[in-house]
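Visitor: Could you take me through this structure? I would like the cut-offs stated as we go.

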Amino acid sequence: MNNDILKPDYIFESSWEVCNKVGGIYTVLSTRAKTLHERLSDHMVFIGPDCWKEKPSPYFIEDNRLLAAWRKQALKDGLKVKVGRWDIPGKPMAVLVDFTPFFEKKDQIYTQMWELYQVDSLHAYGDYDEASMFSYAAALVVESYYRYFNLDGKNVVYHANEWMTGMGALYLQHQIPEIATVFTTHATSIGRSIAGNNKPLYDYLFAYDGDQMARELNMESKHSIEKQTAMNVDCFTTVSEITANECKELIGKPVDVVLPNGFDNSFVPKGATFTKKRRAARKRMLKIANALLGTNLDDETLIISTSGRYEFRNKGIDVYIEAMNRLLRDSDLKRNVVAFIEVPGWVGEPRQDLRERLDLDMPFDTPLEVPMVTHWLHNMSHDNVLNMLKHYNMWNQKDDKVKLIFLPCYLTGNDGIFNMAYYDLVLGNDLCIYPSYYEPWGYTPLEAIAFKVPCITTDLAGFGMWANSVKGAYSEIEDGVKVIHRTDYNYSEVADEIKDTVAKFSAFTPELTKKCRDNADKLSKKALWSQFIKYYEQAYHIALSHARERQHNA
């Protein structure tokens, strides 16, 4: 076989998060798209679920002129699709497919998957059916496009993300063996479940049997599709060394390539615009804190935050609160601290009393009731964050040097209180803290340093491991990222280390703070997609080589 690097002529990439912002994979795909679109133009096609039906998607610009003739053919093939552009940098082509018509065929689809690949859908529940029908529909989109444009003889790659798209990858592998398949698991379904069920994951990883744990945790169907996809595709990948280890132990297959998650910093403001936006963000955050708390905190206040999905233990929200509680009594703390928790909870409505104070735009010397939350929640008495604050008696008293504020909604720019998008707010922080217990990669710390905000993370996050590998030792806060060693059992030590790092940072001179911010910025440049795309090229080459071999042996 020719040893030259094989390059794709076409890439079809499917994910539940194409034009559908629900988690970190949206960031992976949407920031990488520009780099791939520059190389392949409209031969880079993203396929996502049409969740919006009659309503227009806020992330998708439909264009009826694109692929108009094929769209008619697709309709004849029983596929209802919308074609247009994903509204992100690069504006790549996107196809959204209506997967609901396939529900009536699901038993036949599952039977075929069992017969061909021993995928066990018998114990399916929850989102399994929905994800599988989308996965199948996405594969039919590729099949229809492939046949219509007669792509025989072209290097075609189908890239499936997470177990939700595994069925489509297997369908194409069987139906059009000329297509090279790549599968990326961003987190194993069993690993996430073990961690989420408060079981120790890391010390016992070598001893866990993935199939047995799937039965124990009622995850058989998700684990089965993930495992069979991993076993059968042309190239199996994941996003970090830590998850690669998980794949080997829980899925029973080592990955072919690790694809670290890069970043596209084209939307990070520069120069005077950056300074202006940072000032605006800080002003807004302090104004809201003062209105809620009845305080007069000035710009000398240390603003810190954590953010991400509301996984209380996995994302380290518990240890963050623990650290802030200990910081309250730390004599080394040199500045007042406002610590935000920006995770979407079961949010009700923005607080009317807080809005009124913000509109009045004047100082107040009494706090509002429950001065720890910016929006009312549907489940105030059962919320993990509020319960932990109550347990520790953290009521944001006037004299407390550390005030903790829960912001329980998505920061899209219209939440009713902050009314600023996440990226416009994050750059107002002095320090961000993401002490994850389970974090295959970790976009939040990478985003923070791209906005010149130093951060604290752990070596149980893929990003933390990467930061250490760049330095060749444990990264310290002076390097822009403080990486804390975290295990199944050292929760208390982690809380202390966060507390000590924040106290240390609070005493930094302006010169040292600037150096710290510059180092964060420099490190983020090493994680741009332009640096990381080479790993994808490797994965495409491996997949295309295997697909060629398959044809040769057929």
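Guide: What follows covers the sheet, the helices on it, a pocket, one further helix and a loop residue. This is a predicted model, in which local features need pLDDT of at least 70 and side-chain atom pairs count only at pLDDT 80 or more, while totals for chains, interfaces and linings use all residues. Residues are numbered from 1 along each chain as its sequence is written, and side-chain values use heavy atoms, with hydrogens and water left out.

Visitor: What is the strand order in the open sheet of six strands?

Guide: The order is β14-β11-β10-β15-β16-β17, with parallel pairing. Strands are DSSP runs of E, at least two residues, and helices are runs of H or I, at least four, numbered from the N terminus. Two strands pair if DSSP finds at least two bridges between them.

Visitor: Which strands stand at the edges?

Guide: β14 (402-406) and β17 (481-484) do, each with a single partner strand, so one side of each has no neighbour in the sheet. From one strand to the next, the twist averages 20°; axes are lines fitted to C-alpha atoms, for helices over the stretch in contact, and angles run from 0 to 180 degrees between N-to-C directions.

Visitor: How many bridges join β11 and β14?

Guide: Five, in the parallel sense, with β11 spanning residues 337-342. F340 stands opposite I405 in β14.

Visitor: Which helices pack on the sheet?

Guide: Helix α11 (residues 317-327) touches β10, β11, β14 and β15, and its direction makes about 165° with that of β11. Helix α16 (residues 462-471) touches β16 and β17, at about 110° to the direction of β17. Contact means heavy atoms within 4.5 Å.

Visitor: Changing topic, what is the volume of the second largest pocket?

Guide: About 490 Å³, the space filled by probe spheres set on grid points joined across faces, edges and corners. A pocket is an open set of points on a 1 Å grid over the protein atoms alone where a 1.4 Å probe fits, with protein on both sides within 12 Å along at least five of seven lines; lining residues have an atom within 4 Å of a point.

Visitor: Which residues lie nearest its centre?

Guide: Of 19 lining residues, R278, R282, D299, R335 and D430 do. The largest share of the lining, seven residues, comes from α10.

Visitor: Back to helices: which residues of α9 are buried?

Guide: I242, T243, A244, E246, C247, L250 and I251, buried meaning under 20% relative accessible area and exposed over 50%, with partly exposed in between (1.4 Å probe, protein chains only). Just after α9, G252 takes a positive phi of about 85°.

Visitor: Is K55 buried or exposed?

Guide: K55 is exposed, with a relative accessible area of 56%, and lies in the loop between β2 and β3.
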